[in-house]
Each structure stands twice: as structure tokens, then as C-alpha cells.
Amino acid sequence: MKPALLPPRGLSDRAVRNWCIFPVLFLLVAFNIFPLIVSLYISFHHYIPTEQTPLTQSPFVGLDNYRKNLDEPDTKQEPWKTFQRTSALVVVTVGLQTVIGFSLAMLLNRKIPGRGIFVALLLIPMTMSPAVVAQFWKYMFLPDGGIINYILGHPYHWDLSNPLAFWAVVIVEVWIWTPFMMLLSLAGLNSIPKHLYEAAQVDRASAWFRFRRITLPLVMPMLLLGIVFRAMDTFRIFDTAYVLNKAKIGQDTTFVSVSLFDKGIAKGSENLGNATAMAYLLLFVAIALGNIAVHYLDKMRSRQS
Amino acid sequence: MKESWIRRWMWFQPALLITLLMMAPIIWMIITSFKQPDETQSLVPGFIPDFSTKIDEWGDPVAPEKYHFTATLTNYKAILGARNVGWYIFNTVIISALTTIASVFLGFFAAYGFSRFKIAGSNDMQFFILSTRMLPAMAVSIPISWMFRRMGLHDTHLGLILLYTCFNLSFSTWMMKAFIDEIPKAYEEAAMLDGYSRMKILFKIILPQAMTGIIATAVFCLIAAWNEYAFALSLTSETAVTMPLNIANAAQENTITHGRVAAGAVLFMLPIAIFTLLMRKHLLRGVTFGAVKG
């Protein structure tokens, strides 16, 4: 017989805590901080990867790369427009993904026949490689012979600088990632204790009241987590946008990562320093937005408990 | 509260409709994967497969009727008959399996640590973990490939596994922390009174309670590693090449390869789709906390 009320046996709490978090922190520091330092270094230099000049010997240009990105008269404030465009995409796609994904989760949270099969089928778009999926959507969007225009009965143009090009990216992104929001919402809905609804039933609370006061607040942490991750991933969207529409600077689908690629990597002759400077600016914006989101997430959590 | 079967079938219909709508591109993809190049380009789409080419009285093949097409396995043969394809599939399987195990394992412990212990600067550390996901791959791929060459990790399985694990850790830690936060502390306190050690609590109480979250996280990590393209492109050249590169290569030539892209996508999707299908019970199982919550 063990006597009760002994201090926990085995490793001390302190040791457990350290073993829990330090491996992760170590890996992330090694694989993120170091590349960040190198790219910070590159962003202050005029470095062209395809030329044979090694990085250590490329000329130091100070803040020139940053200045070029922020106000270059001949690109007509293009970097700001790129930011705006990317933000618009984040708001539209993540908004649609959340609304559709959450509604689907509400629907599938009911005891309908074969819901396991429905969920598994609905998850398929998310399980596919975005680059390959976008390639196939491009085929479906073809002006002549594409299935979408065949159904719509009009040869719309979904690429280049047509206004529909932006919406083509929205459609594909929503199609791929709505399942992600659906799955997170389902997980959130599953974790709501049933007795809360039973209590509400006893109190004769309306359906709207139950949704507003029980469902929504309890799903919110999961939903917000999904929104934060989707927003961050959409902010650096590359694969789908680039495959759908090999955009040049100034088009409706030139999002931040696409323009980074265009500036620094695609045309090998251009300056990688310029692209990394742009990446740093992007990182600042992303961190600021992330901070705001996490702040809300924390507030939501503390209000709940 | 039991719903009548009429109500259940009433909600079945919209679910079926939406599922069919979301599945339409996949169905079209499967149809396309059986088409010859010229049929993928016809102005009237073919939906219905003919399994043999009809021949007229002079022995010439007859063009299929409207909305019909001649089904062929050429695309699948081309994908599966490509050089080294077995090795690439092996690479993808081994890299994504080990990545998933590593990121779920490490993420689970970190999530427990952040959820249950008071740690100085805990919020900052968590935000750092989250922020590792914000940097565009474009910006880190060049320093990382430089670093990998120096460390001898270029074009190795270990290199890709390490990198993908790092990429997934931010998500797996945050996701599992959200699930572990939901588990009432009272369970652990009760177990501690019974003389359980921390490790025993972790495996006997937290692990089973957080299983839904762990499976969901594992599915996401597996998907991310299975499909990763950008880093694989810059960090592999021969030994550690994965399937996404191989499929994307099928599309790069200027010939008409819609059918082949579709076949590659369908083949590549199957294992993960089956895995998700098998895991659906776990993904849906309710996390049943008792009345202790709060």
C-alpha cells in the first residue's frame, strides 16, 4: 500500500518542464534564428546568387534595399499595393474559409447518416499538394475547353491581369483550406460538454441563445487558432498563386511572396538583397498582425476560464 | 435528446449536396486522369468513359459520341513507369512518417510543458514558436541550403526530416496546447494524490484524453510533410528527392500533360485519403469531459 500525499515521484517537476520545452526551442532556434541572421546580412548587401561572387565579398549597400522596396518612384508604390492586395486576399479567403468551414462543421456535428464518410471526403482537398492542385485548377479555368467556362457558358478569362484572376486564387484557396477550418471547428464543437445544452433546454433557451452563449464562445478558441494559422499561411501564399497565374509585377495576383520570387530568384540577374529586405518587411507586418491575433486569443481564453 | 430519423435524413440532404459540390473537382480530376492528351483539350468535355475504341466498317477508329471519351491507363503507366519512382515513393513515405512522429512527439511534450508549468517568459517563447511559421520559405531557403551544404545535410533524409519537423512544430505545439488546456487539472491533482509520477500522469491521463487532438495534429503534420514542395526543390538533388517534385516535373514540359498531372495527383492523394478515412472515428470522437470542467 502506498501512503497518500507523497510528493510526486520520479523526475522533479523542474526536470520534466525542461525536458518538455527545451528540445523544441533548441530545434526552432537552430533552424530559424541562424537563417534569419544570414538573410538579415544579405538584406544589407547587393548579392546576386547566380554570379560567382561569394556572399562575403558582395558590396555592402546599407539600407538601400529597404529604401528601394518602400519608395521607388518608378514602381509607383508597388510594394504597398502588394501588401494591400495580399491583405485583401487574407481577409476574403480566410473569412470565407471560416464561415463555410464552421457552417459545415455545425451541419456535420448533427447525427446524420454517414457523417464519418462525409467528413473524410470533405477533407480530401486539404490532403492534396497545393502546387499540383493549382495546376489542375488552371486546366479547369482555361478560357476555351476549361470545364468551368463550359458550365458557365461564357469564355471568361481567369488569368493575367483580368479582374477574375484574383477571384480564381480565392476560389482555389477556399476550396483547399475550408476543410481545415471545418476540422478545427468540429474538434471545438466536440469538446463542448453536452450538459450545458441540457441545462439550456431546461431553461427553455432559444436556439439562437444556445448558439450565441454556448456554442460560439466555446468553439472560439479553436476557431481563432485556425484563423491565425490560415491568415499567416495565406499572407505568404506562393504555390497556388504562382501556378495559377505566373504574375508579373503590378497584376492582381502579385502577392508578397510572388513578388519576392520575381525580384530575387526568378530572374537570376536581380538582387537577392532586395528580396530579403522585402521578406523582412513582410516579417514585421506578419509579426505585428500575429501579435494582435494572439492577444485576442489570450483575452478570449481568460474570459472563458 | 434523440432526433427522429426524419430530421436526420432532412439534414443529410444539404450535407450530401455540399459534399458533391466540393468533390466535383476531384471527380473531374479522376475522369481527366483516364484521358488521352487530345481528349483533355476537346471543347465539349467528355464525362462518360468508353472502355474500347469503336471501329467502323473500314477499320478506322470512330470518334466517341458527345460527352463520351475513350478511357486509357497511359497516364498512370507513365507516372508509375518513370525512372526511380519506387525510390521516390519510399523517400516520401519515410520522410513524412518520421516527420509526423517527431513533430507530434516533441510538440506534445512542449504543449504539456507550456500548458501546465509556470515558465518565465512563457508567452514570449510561445509567440516565438508561432512566429517561426511567418517567414516566407523564399527568404529562408537560401540560407538554409547554404547551412545544409556546410553540415553535410544537403540531399539527405535526415536534413529534410529535421527541417519539416521544425516547420510543423509551431502548429503541433499550439494545436495540442489548445487540446491539453481543455483537460481539467483536477484529474492530475487526483492522480498525484494517488502517488502517480509526472511521467505516469502524462502517459496514463493526458495522452488518452488528448487523443483526438493528437490524431488531428498528426493528420495535419503528415499532410504538410507529404506535400512539401518548395524546400524539397532547393534541398534535394538525387538521393532524397520526393514525389511532389516528380509529379510537378510531369507538368513542366510544354506538351499537353493535363491527364498526367491528374493521374499523378490522384495516385499521390490516395494514401493520405485512405489514412484520413481510417482515422475519421478518432477525428470525430467527442472529447467527453465530465462535470469537473470549470
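How much area is buried between chain A and chain B, and what share of that area do carbon and sulfur atoms give? Before I answer, two remarks on the basis of this talk. The model is predicted, so local features need pLDDT of at least 70 and side-chain atom pairs count only at pLDDT 80 or more, while totals for chains, interfaces and linings use all residues. Residues are numbered from 1 along each chain as its sequence is written, chains are lettered from A and ligands numbered from 1 in the order in which they are written, and side-chain values use heavy atoms, with hydrogens and water left out.

Now the answer. About 9,400 Å² is buried between chain A and chain B, and carbon and sulfur atoms give 79% of it. Buried area here is the accessible area (1.4 Å probe) that two parts lose on being put together, summed over both. In chain A, the residues that lose the most area to chain B are Phe31(A), Phe136(A) and Tyr139(A), together 7% of what that side buries. The contact takes 99 residues from chain A and 102 residues from chain B, where contact means heavy atoms within 4.5 Å.

Let me turn to chain A by itself. Its secondary structure comes to 13 helices and 0 strands; helices (H or I, at least four residues) and strands (E, at least two) are DSSP runs, numbered from the N terminus. Of its 305 residues, 52% count as buried. Buried means under 20% relative accessible area, exposed over 50%, and partly exposed in between (1.4 Å probe, protein chains only). Among contacts in chain A between residues at least 6 apart in sequence, 66% join residues at least 24 apart.

Next, the nonpolar core. Such a core is a set of buried Ala, Val, Leu, Ile, Met, Phe, Trp, Tyr and Cys residues joined through side-chain atoms within 4.5 Å. The largest one has 180 residues, and Met128(A), Trp137(A) and Met175(B) touch the most other members. Helix α8 (residues 164-190) of chain A supplies the largest share of this core, 17 residues.

Which residues does Met128(A) contact, leaving aside neighbours within four places in sequence? They are Val133(A) and Trp175(A), together with Ile26(B), Met29(B), Asn227(B), Ala265(B) and Met269(B) of chain B.

Ile26(B) and Met29(B) are among the buried residues of helix α1(B). This helix (residues 5-32) has 28 residues and reaches 38 Å from its first C-alpha to its last, close to the 40 Å expected at 1.5 Å a residue; the expected span is 1.5 Å times one less than the number of residues. A kink of about 45 degrees lies at Met23(B), shortly before the proline Pro25(B). The bend at a residue is the angle between axes fitted to the seven residues ending there and the seven starting there.

Asn227(B) is found in helix α10 (residues 211-227) of chain B. Asn227(B) counts as buried because its relative accessibility is 6%. Beyond neighbours within four places in sequence, its contacts include Met126(A), Thr127(A), Ser129(A) and Pro130(A), as well as Pro244(B) and Phe268(B).

Finally, Tyr76(B) lies in helix α3 (residues 74-80) of chain B. Tyr76(B) and Phe34(B) are 42 residues apart in sequence and 8.1 Å apart in space, C-alpha to C-alpha.
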